[in-house]
Amino acid sequence: MSLLTVTNLVKTFGSGDTETRVLRGLDLTLEKGQMAALLGPSGSGKSTLLTILGTLMHPTSGGHDMLGVDLTTASDAALTTFRNLHIGFVFQFHNLLPDFTALENVVFPAAIREGRETAAARSRGADLLTRMGLAERIDFPSANLSGGQKQRVAVARALMNAPELVLADEPTGNLDRASALQVMELIGQINREEGTTFLISTHDEKIAATCARQIVVGDGVVSG
Amino acid sequence: MLYALKIASRYLTASKAQTALLVVGVAVGVFLFIFMSALIGGLAEFIMSRTAGDMSHVTIEAQAEDPGQIATFPGLVLLAHDASSDAAELREALNLMPLIEVMPEVLAVSPQITGAGLLRRGTRVAQVSVVGLEPGRESAILNLAGYMVEGDAQLRSGVILLGRALALELGLELGQSVVLQSQDGIDATLTVTGLYQIGQGGPDRRMAYVSLSTARTLFAMPQGVSRIEIKLHDLYAADAVAPRIEALTGLPAESWTVNGAQLLEALNAQAQTGYFLKTFAMITIVIGVASALLLSTYRRRPEIGIMRAMGASRLFVVGVFVTQGALIGVMGGLLGAGVGYLALLPFPPRDAFRSGTLPMDITQGAYGLAITLTVIGAILASILPARSAARVDPVTAIGQ
């Protein structure tokens, strides 16, 4: 059962002589519960694709459908709400809010949805951090955590609202091998246990090998 | 918005030094606002108490009657003149006074007999304006009791109150006698029972106060009075009250503003100056808050990008920065108002203003207004940075 579909996706930047076409009619379908790696050389359009799939950017043309919702015509406000409820993000540099604790960072998407930090959200946030092996670091300021710990907090945050899709852009790119494998193991565990769909952009073939599906992007289209 | 409040508070506490500087900057603006309010208000109070506060706000004055025309000849008119009754008189005034006194706007009423006279003490002579006041109402209009430097302001038959400067000119001391001759040529020997010092040359050197009964004798006015002076609770109501008194009594009533336009103009100009200064203080606050929050917006662009990526709406981001502005306004407003109040405490209260000192009126600090305007100003100042934050592109910001 498909979770999202993009068809003939085109994205260009600039105009005239400086126009750059990053995506050139890309087609892709992701099934629910799938764990897929997005591979491809730098400049192939991986990050742009993730950004569009994450509703952070509109495509120049083409179709983008997720959970039966046509996202190409949705308003900014509608996309913001959709993103909060259905999509989680893990970035290469964790991108935590430095002035907040680990738990506050994890609870953030739920607090945005509820308008406040509910007890239920804090409880789920604490559970997620415990699953990430950070039970001792729940109330630590995020700035005081190690790189690997920060990235695990970022994974927990991405899962907070139990989204159907988690987009991870080089989630292990900034970690040592041991931390990278630990993070991937956690992601795989969540995928198996909760059926969350993951699309992980990576250059690392060993990381990609941990995923059930490998999607190769080259020259703005899916090439394999 | 509860969560926006939490984030705003966290941002402010995360940069304690920067927040403290910002709050102090706002507090200085609020302090200036309060200081100027107290100074301008106190100064106006001081000037008013020294001028309009001591004068009649509405005056009913007898109009001198035109001399009767006896006969006319080609190139010549023959007029009748009664030399024994030069002073114009309000004959029924005393009967009308109760009508005036019950008006809610009226604070005090003083019937007076006025005229010119000569004070003689041995070979020394001084020309004076004589004012006859009703005992018990000596300080109804001019606060005579407050200006007494020797003796007291109580008038009774056979006594006279003089300015100390005039007493010095005549070589008079308290308890000594002086002869007062009225314009009607009637003499009275009076005892000096009080010396006052208003601080103005005219009243201190050219006025003499006697009792109404003494004045009746001096100016041959057995029943009526020359004028009625009326003091109002609100002197600015004089223009409205004067016509009502005129309609009520049928007597010509004149507001102090008819002859006090220059004073009114000066007070208005002073108030305008105060508004300008206070406006500039507010503008300083707004610019300070806006620039600090703009800087914060720029510094936190990546975080704003993350928030947006996590599903925070533009309105939420606006809320975070506007709440920061409001919190800065509240803290700066309270701090500035508190410091302003403490700084004004050492100044004497409005009832004890003295010449040569700053007439700061602590009650006119406009603390509530200062805090309210500061919060509103800080919120307005935060709108531009907040809108700028809401426009942050999450993709670009996260990539920074």
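**Ring contacts, a helix pair and a loop residue**

In chain B, the charged end of B:R300 sits over the ring of B:Y11, at 3.7 Å from its centre, where such a placement requires NZ of Lys or CZ of Arg within 6 Å of the ring centre and within 35 degrees of the ring normal. This is a predicted model, in which local features need pLDDT of at least 70 and side-chain atom pairs count only at pLDDT 80 or more, while totals for chains, interfaces and linings use all residues. Residues are numbered from 1 along each chain as its sequence is written, chains are lettered from A and ligands numbered from 1 in the order in which they are written, and side-chain values use heavy atoms, with hydrogens and water left out.

**Rings and charges**

- The charged end of B:R10 sits over the ring of A:F100, 5.0 Å from the ring centre.
- Rings of Phe, Tyr and Trp (its six-membered ring) pair if their centres lie within 6.5 Å, with planes under 30 degrees apart counted as stacked, over 60 as edge-to-face and the rest as tilted; by this rule there are 7 aromatic pairs over all chains.
- One of these, A:F89 with A:F91, is stacked, with 5.7 Å centre to centre and 5° between the planes, and both A:F89 and A:F91 are buried (buried means under 20% relative accessible area, exposed over 50%, partly exposed in between, with a 1.4 Å probe and protein chains only).
- The pair of A:F108 and B:Y3 is tilted, at 5.8 Å centre to centre and 55° between the planes, and it crosses between chains, from helix α3 (residues 102-114) of chain A to helix α1 (residues 2-14) of chain B; helices (H or I, at least four residues) and strands (E, at least two) are DSSP runs, numbered from the N terminus.
- Both A:F108 and B:Y3 are buried, and ring pairs link A:F108, B:Y3 and B:F316 into a cluster.

**Helix packing in chain B**

- Helix α9 (residues 261-299) and helix α10 (residues 301-309) of chain B pack at an angle of about 65°, with their axes 5 Å apart, the axes being lines fitted to C-alpha atoms, for helices over the stretch in contact, and the angles running from 0 to 180 degrees between N-to-C directions.
- The contact (heavy atoms within 4.5 Å) is made by B:T297, B:Y298 and B:R299 of α9(B) with B:R301, B:P302 and B:I304 of α10(B).

**A loop residue**

- B:L358 lies in the loop between α11 (314-344) and α12 (367-390) of chain B, and B:L358 is partly exposed, with a relative accessible area of 42%.
- Leaving aside neighbours within four places in sequence, B:L358 is in contact with B:L39 and B:F347.
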